[in-house]
Amino acid sequence: MFSKDLRAKPVAERLLGDDVVFFRANGRAFALANRCPHRGTPLSLGKSHFPRTLSCAYHGWTFDVTGQCVGALLEGPDAVIPRKARVRSYPVEERAGLIWVYMGEGDAPPVEEDVPELLLSPEMTRITKRVDWKSNWRPIVENFVDPLHALYLHRGTPLMSSVRVPGSAKLRVTKTADGKGVHLEYLYGPMEAEYPGLGKYPRISVLRRLLGRKEYRFYAEVRMPGYTTVKLPEEDLFFLQCWAPIDENRTRNFYTTAKGVSGLRQLLLFRLFYFLIASWATDIILLGQDQWMCESQDYGEEQLSSTDVGVIGWRNFARQNARGRLQDRVQGERLKTGSENGSRKENENGACESSSHRRAT
Ligand code: FES
Ligand SMILES: [Fe+2]
């Protein structure tokens with residue numbers, strides 16, 4: 001959620017399948033589970049009568065920012081309130097104009113540990129917009145560790161029509177320098193090639209032959225717990241997406257276009273570039289094609305091939321680095337020594353599900 005969208009009125013959101021209410025108290029954002037334990041009314045229907053509290057709309061049970069019920073207004077000031085009359089509270093921070101919530105167990109790590117520098121750095125100028133996709137989080141993130149699809153799926157888009165785009169390529173997958181994700185880079189194949197028994201592919205248009213002097217180059221990075229970045233090397237220009245699962249079938253994205261600019265002239269040029277080009281060529285056409293693929297995909301049995309080195313690399317990376325998994329590993333160790341039970345959430349593709357990261361709401 002954008003910070004500017006959270007005002008006096010509480011706002012209901014769903015994140016990782018949890019119903020959460022966001023509200024402001026003394027200007028700060030707070031988040032509680034959005035279900036009154038009395039008789040199940042969403043707390044988002046309520047309002048604040050007292051500083052740093054939220055009262056349920058039905059009978060006035062009143063919760064403080066830690067989620068503890070501190071008053072039952074209909075029962076009077078002498079009402080005895082049991083300790084268990086409480087709701088979960090989620091750690092919240094506001095940075096870069098967005099509200100970030102920690103959905104995991106235990107103490108929340110510092111925002112800087114999970115949120116990419118690009119989004120926090122005061123050196124960068126950013127334009128962000130929010131879009132929800134009707135797709136599970138995993139195929140979406142895997143769309144971005146599979147950048148080779150751009151050479152085929154996005155080939156005809158305005159951004160790629162005027163550059164030299166090879167017909168095929170390979171992918172180099174490495175860990176990012178900070179170890180928090182995977183870095184993806186093209187290894188160029190031929191511009192066109194003869195396919196035995198089929199003919200030549202791709203047929204290069206006259207327009208591309210005339211205009212396509214510049215090679216299509218970019219770097220991509222994908223980080224836990226769902227940040228995808230595409231960088232155009234010469235431009236110091238970044239397209240960054242934060243993906244937060246709403247539930248099993250929906251994912252929220254904050255698309256950010258970012259550039260390091262200095263001075264008013266560069267700032268105006270960047271804004272002009274965004275509104276005249278990126279706002280439709282990237283955000284609508286290019287990401288629209290990705291959305292179309294992710295929302296159409298039957299995400300089940302697969303036959304992975306050589307173009308999937310990024311997907312495989314990411315799955316291995318996520319399996320080894322998801323914070324929940326690390327905790328599971330520690331618990332597993334404890335289990336071995338007989339002190340405590342360990343648990344592991346893993347799906348059939350071997351990638352780990354983890355909620356122990358900060359998410360943009
Ligand atoms: S349902 Fe919330 S106070 Fe009764
Ligand atoms: Fe794409």
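**Helix crossing, surface patch and backbone features**

The model is predicted, so local features need pLDDT of at least 70, side-chain atom pairs count only at pLDDT 80 or more, and totals for chains, interfaces and linings use all residues. Residues are numbered from 1 along each chain as written, chains are lettered from A and ligands numbered from 1 in the order written, and side-chain values use heavy atoms, without hydrogens and water.

Two packed helices are described by the angle between their axes and the distance between the axes. The axes of H3 (residues 137–144) and H7 come within 10 Å and cross at roughly 135°. Axes are lines fitted to C-alpha atoms, for helices over the stretch in contact, with angles from 0 to 180 degrees between N-to-C directions. The crossing of H3 past H7 is right-handed (near helix turned clockwise from the far one by less than a right angle; anticlockwise is left-handed). Helices (H or I, at least four residues) and strands (E, at least two) are DSSP runs, numbered from the N terminus.

H7 (residues 263–296) is also the main contributor to a nonpolar patch, giving six residues. The patch covers about 640 Å² and is made by Leu159, Leu269, Leu272, Leu276, Ile277, Trp280 and Ile284. Patch residues have over 30% relative accessible area and no salt bridge; nonpolar side chains (Val, Leu, Ile, Met, Phe, Trp, Tyr) are joined within 5 Å, like charges within 9 Å. A salt bridge is a Lys or Arg side-chain nitrogen within 4 Å of an Asp or Glu carboxyl oxygen. Areas come from the Shrake-Rupley method with a 1.4 Å probe; for residues, only the protein chains shown count as cover. Leu159 sits in helix H5 (residues 158–161). Its relative accessible area is 34%, partly exposed (buried is under 20%, exposed over 50%, partly exposed in between).

One joins Tyr201 and Pro202, with omega about -10°. Pro202 lies in the loop between strand S14 (199–201) and helix H6 (206–211). Another joins Met224 and Pro225, with omega about -5°. The loop between strands S15 (219–223) and S16 (227–232) holds Pro225.

Leu16 has a phi of about 50°. Leu16 is in the loop between strands S1 (11–15) and S2 (18–25) and is partly exposed at 26%. Asn26 has a positive phi near 50°. Asn26 lies between S2 and strand S3 (28–33), in a loop, and is exposed at 61%.

Technical notes. Buried means under 20% relative accessible area, exposed over 50%, partly exposed in between (1.4 Å probe, protein chains only).
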